[in-house]
Amino acid sequence: YRPLYFYEQCKDTFGGAGIVSNLGVVYQKMDNWEKAWEQFSRFLEISREIHYREGEIIACYNLGEMQFVAEDYEQAEHFYLMGLAISEEIEHRSKICRGEWLLGKVYHAQGKSEKALEYLTKALVQVQELHQKDFLLEIHRELSELYEKTGEYEKTFYHYREYHRIEKAMF
C-alpha cells in the first residue's frame, strides 16, 4: 500500500500506525476478516511500541468487535476489558464510556443481564455527562432490548422512547 510505504520511508511510525488502523477498517467493511484482524493486530503492536495508549485502546476495541461479530464473546470480553483498563489508566472518559457500552453489549449477548445492566448503566451516566448523542442512542437501544428480555416493560418502553427521541433529534 503506497501511503504506508511513504510513512515507513519517512520513519513516521505514528502516521504509519494510523494508516494500518484505517486499512483494518477498510478490510472489515469489505468482509475480509483475516486481513482486518492482521491490520488491527499490527496496529496494536505498533501502538505499544510507540507508547500510543489511545491507539492501543482503539485496536483493542476493534479486535474485540471482530470477536463479537464472530460470536466469540469470551475473546471480545478480553479485548474490551483490556481497552477499558487502558482507558481508565489514562482517564479518557469517552473511551471509558465506549468500553462500558461494549462490555454491556457482550454481557447482554452472553445472557448475563445483571453484568450487562451494570456496564450499560455506568456508560449511560457518563455519556449523558459528555453529551455524546451517538453513544446515547446506542445505549438506550441496548437497554431497551435488555429490559425487554428481563420482562421489565416499563423500562423497555422508556429506553425505546428515548432512543427514538434522540434519533429524531439527530437526523
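**Salt bridges and helix packing**

Author: Arg48, Arg53, Glu56 and Glu89 are linked in a network of salt bridges, a salt bridge being a side-chain nitrogen of Lys or Arg within 4 Å of a carboxyl oxygen of Asp or Glu. The model is predicted, so local features need pLDDT of at least 70 and side-chain atom pairs count only at pLDDT 80 or more, while totals for chains, interfaces and linings use all residues. Residues are numbered from 1 along each chain as its sequence is written, and side-chain values use heavy atoms, with hydrogens and water left out.

Reader: How many salt bridges does the count come to by this rule?

Author: Side chains of opposite charge can pair when their charged atoms come close. By the rule given above, the count of salt bridges comes to twelve.

Reader: Which residue forms a salt bridge with Lys95, and is Lys95 buried or exposed?

Author: The closest N and O atoms of Lys95 and Glu54 are 3.9 Å apart, which makes the pair a salt bridge. Lys95 lies in helix H6 and Glu54 in helix H4 (residues 53-69), so the pair ties together parts that are 41 residues apart in sequence; helices are DSSP runs of H or I with at least four residues, numbered from the N terminus. Glu54 has 29% relative accessibility and counts as partly exposed, on a scale where buried means under 20% relative accessible area, exposed over 50% and partly exposed in between (1.4 Å probe, protein chains only). The partner of Lys95 is Glu54, and Lys95, at 16%, is buried.

Reader: How many residues apart in sequence are the parts that Glu65 and Lys105 tie together?

Author: The side chains of Glu65 and Lys105 meet in a salt bridge at 3.8 Å, N to O. Glu65 is partly exposed at 22%, whereas Lys105 is buried at 11%. Since Glu65 lies in helix H4 and Lys105 in helix H6, the separation in sequence is 40 residues.

Reader: What separates Glu118 and Lys122 in helix H7?

Author: The side chains of Glu118 and Lys122 meet in a salt bridge, 3.8 Å from N to O. Glu118 is partly exposed at 39%, and Lys122 is partly exposed at 36%. Being four residues apart in helix H7 (residues 113-130), they are separated by about one helical turn.

Reader: How are H5 and H6 oriented to each other, roughly parallel or roughly antiparallel?

Author: Two packed helices are described by the angle between their axes and the distance between the axes. The axes of H5 (residues 73-89) and H6 (residues 93-109) come within 9 Å and cross at roughly 160°; axes are lines fitted to C-alpha atoms over the stretch in contact, and angles run from 0 to 180 degrees between N-to-C directions. Angles under 35 degrees count as roughly parallel, over 145 as roughly antiparallel, 65 to 115 as roughly perpendicular and the rest as oblique. H5 and H6 are therefore roughly antiparallel.

Reader: At roughly what angle do the axes of H8 and H9 cross?

Author: Helix H8 (residues 133-150) and helix H9 (residues 153-170) have axes that come within 8 Å of each other. Their orientation is roughly antiparallel. The axes cross at roughly 155°.

Note on methods:
Helix = DSSP H or I, 4+ residues; strand = E, 2+ residues; numbered from the N terminus.
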